[in-house]
Amino acid sequence: MKKNILLSVFSGLLLWLAWPPMHYTTVFLFFGLVPMLVAIENIIKSTSKKKGKLIFNTTFLGFFIWNTLSIYWVYNSLKIVGEVVAIPISLIPYALGPLLMATACWLYYRLRLATNRNWSLAGLVCFWIGYEYLHQSWDLSFPWMTLGNGFAVTHQWIQWYEYTGVYGGTIWIWIINILIFLIYSGLSEAQTKPVRQKLIIALVAILILPLSFSLYRYSSYQEQSNPSNIVVAQPNIDPYAKGGDIPAYQQVETLTKLSDSLGQINTEFFMWPETAIPDPINEDHIRTDNYFVQAQHFLAKYKNGNIITGAETYKLYNTQQTKTANVIPGTTQYIDSYNTAVSIENSAEVHFYHKSKLVPGAESLPFPNALAFLKPVFAHLGGATGTYAGQDEPSELYSASGIGAAPVICYESIWGEWVAKSVRNGAQFIAIITNDGWWENTSGKDQHLDYAKLRAIETRRWVCRSANTGISAFINQRGDIVQQTKWWTKTAIKQNINLNSDITFYVAHGDYLPKTASLLAILLALFLLVRVRLKNNKNVVISETRHE
């Protein structure tokens, strides 16, 4: 038993060492799951009772270590509610993913009881991807630890994400780990030499072919020349001071000065970070809002200039016109509040995009009916818990000259398909606005930046990233960080990017891999459920026959 626990812990540590922003250790992903598979196999072959429970507990431990060490920074964003109180709340993101991962391993064990190891291992891959897809789709979504994200540092290896998205990386990791596991297991089993040779050949081919294609694609990829000048501002305002300590007009003035320091006659976009305008703005009256007027006054000397800025906005209704609208206490009016990206130009045209992938707890209350008692706690996390509204589909922000930007607000940048939809609808570059200061100077801000590289490869679009207190950057269509700012620095950067209108296979087809794998996982789960039901019925019949 101790040996299996040590193997699980070893897996967890290997996966953590391989995870962004670690450099030079990404290769550990290719064998980091092997000790875990060996531990599972040891339990299956043992004489222990309740093997399923043992497998669940053993694998949960390793995955919990991997997740907690990789996203330890979540605690920093929660400790405002109290350093002690933040500990149990932090356990939710630390433990929820590992619970789902361990469930996938338990389902693999149940499938082993019904079929052979090879088919069960294929089922394990489906169960795992099914968990990953669930974890980006339900109310408690947190796809930060999707295995395919692990290549964000070594983006030269996964240029084929333009065909598969990050789930192609998940499959690649699992197949290589499984092949190594089978080769290792064969050393103590009656594995024939031809079988071992086939496994080794398959391992080499599956490792080398995608890697070779990717390196070739990376070295030969050429961007089409279609330049656009972009200026990104990083005001470096303490996120805890944005709401009142520093007047909003002063924050906007800081942004205009930073933008003006690098602006050119041909600058087409100035990007300001998430909630750059912190005072709530009524969208129906934005053209007379003081901050809007202040921003337009800055744009007056930039004829082709547009501002993409984060803002807190809202809409008022006399009746409950939307499902998300809440009644304003003491009135008969309803309100929808938004975390918004606003496009401002030298005209009366204004366009809005409302953040829709909301942070569970801080911006939305998951399963609101069941967890309503948590609202007072989450209200301290910087968001209007349970009151933020979003959009059913992503939308684009267009300049007066017709250039389309895919607006992505903070947390949304880890949803590949969501970003791809905006690109499919006409966006020519990706505009990420974020505020990573909640996590302080931890690896969270670096992971968030690295993940943006994956969106560039999937869509073959430049990524322009404006962070308030994180790291602002320009990322080209190959995923290279061309420019980036330093942490906790007030500055601005500019870049001539190349706009692109071509559509990649992934942009055209989205998350086809996890949808297919999830369907297979459901079918396998139903098969196991029917098998258990038939077995129980058979036992009942045998029992009744004996009594007769």
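Accessible areas here come from the Shrake-Rupley method with a 1.4 Å probe, and for residues only the protein chains shown count as cover. On that basis the protein chain has an accessible surface of about 23500 Å², with 60% of it belonging to carbon and sulfur atoms. The model is predicted: local features need pLDDT of at least 70, side-chain atom pairs count only at pLDDT 80 or more, and totals for chains, interfaces and linings use all residues. Residues are numbered from 1 along each chain as its sequence is written, and side-chain values use heavy atoms, with hydrogens and water left out.

## Overall build

The protein chain holds 16 helices and 14 strands. Both are DSSP runs numbered from the N terminus: helices are H or I with at least four residues, strands are E with at least two. The C-alpha trace spans about 85 × 60 × 40 Å along its principal axes.

The radius of gyration is taken over C-alpha atoms, and the globule rule is 2.2 Å times the number of residues to the power 0.38. For 548 residues, a compact globule would have a value near 24 Å; the protein chain has 25 Å, which agrees.

Buried residues make up 55% of the 548 residues. Buried means under 20% relative accessible area, exposed means over 50%, and partly exposed lies in between (1.4 Å probe, protein chains only). Contact means heavy atoms within 4.5 Å. Among contacts with a separation of 6 or more, 72% join residues 24 or more positions apart.

Charge comes next. The protein chain has 43 positive and 37 negative side chains, and the centres of the two sets lie 15 Å apart. Lys and Arg count as positive, Asp and Glu as negative; His and the chain ends are not counted. Each charge is placed at NZ of Lys, CZ of Arg, CG of Asp or CD of Glu.

## Strand pairing

Two strands pair if DSSP finds at least two bridges between them. An open sheet of 6 strands runs in the order E8-E9-E10-E11-E12-E13, with mixed pairing. Its edge strands are E8 (397-398) and E13 (481-484), each pairing on one side only.

Inside that order, E9 (residues 404-409) and E10 (residues 429-434) pair in the parallel sense over 5 bridges. Pro407 has Ala431 in E10 as its bridge partner.

E6 (residues 334-345) and E7 (residues 350-354) pair in the antiparallel sense, over 5 bridges. They form a hairpin with 4 residues between them. Here the bridge partner of Ala341 is Tyr353 in E7.

## Backbone exceptions

Most residues other than glycine have a negative phi, and most peptide bonds are trans. Some sites in this model depart from that pattern.

A cis peptide bond joins Pro20 and Pro21, with omega about 10 degrees. Pro21 lies in the loop between helix H1 (2-18) and helix H2 (34-45).

Lys50 has a positive phi, near 55 degrees. Its loop runs between H2 and helix H3 (51-70). Cys410 also has a positive phi, near 50 degrees. Cys410 sits in the loop between E9 and helix H13 (416-424). Which of these sites is exposed, and which is buried? Lys50 counts as exposed because its relative accessibility is 64%. Cys410 counts as buried, at 9%.

| Residue | Relative accessibility |
|---|---|
| Ser443 | 12%, buried |
| Asn500 | 7%, buried |
| Glu41 | 5%, buried |

Ser443 is in helix H14 (residues 443-459). Leaving aside neighbours within four places in sequence, Ser443 is in contact with Pro21, Ser70, Tyr72 and Trp73. Pro21 is the residue joined to Pro20 by the cis bond.

Asn500 lies in the loop between strand E14 (491-498) and helix H15 (505-509). What does Asn500 touch, not counting residues up to four places away in sequence? The list is Tyr221, Ala427, Gln428, Arg460, Arg461 and Gln477.

Glu41 has its place in helix H2. Not counting residues up to four places away in sequence, Glu41 touches Tyr108, Arg112, Arg117, Phe181 and Glu189.
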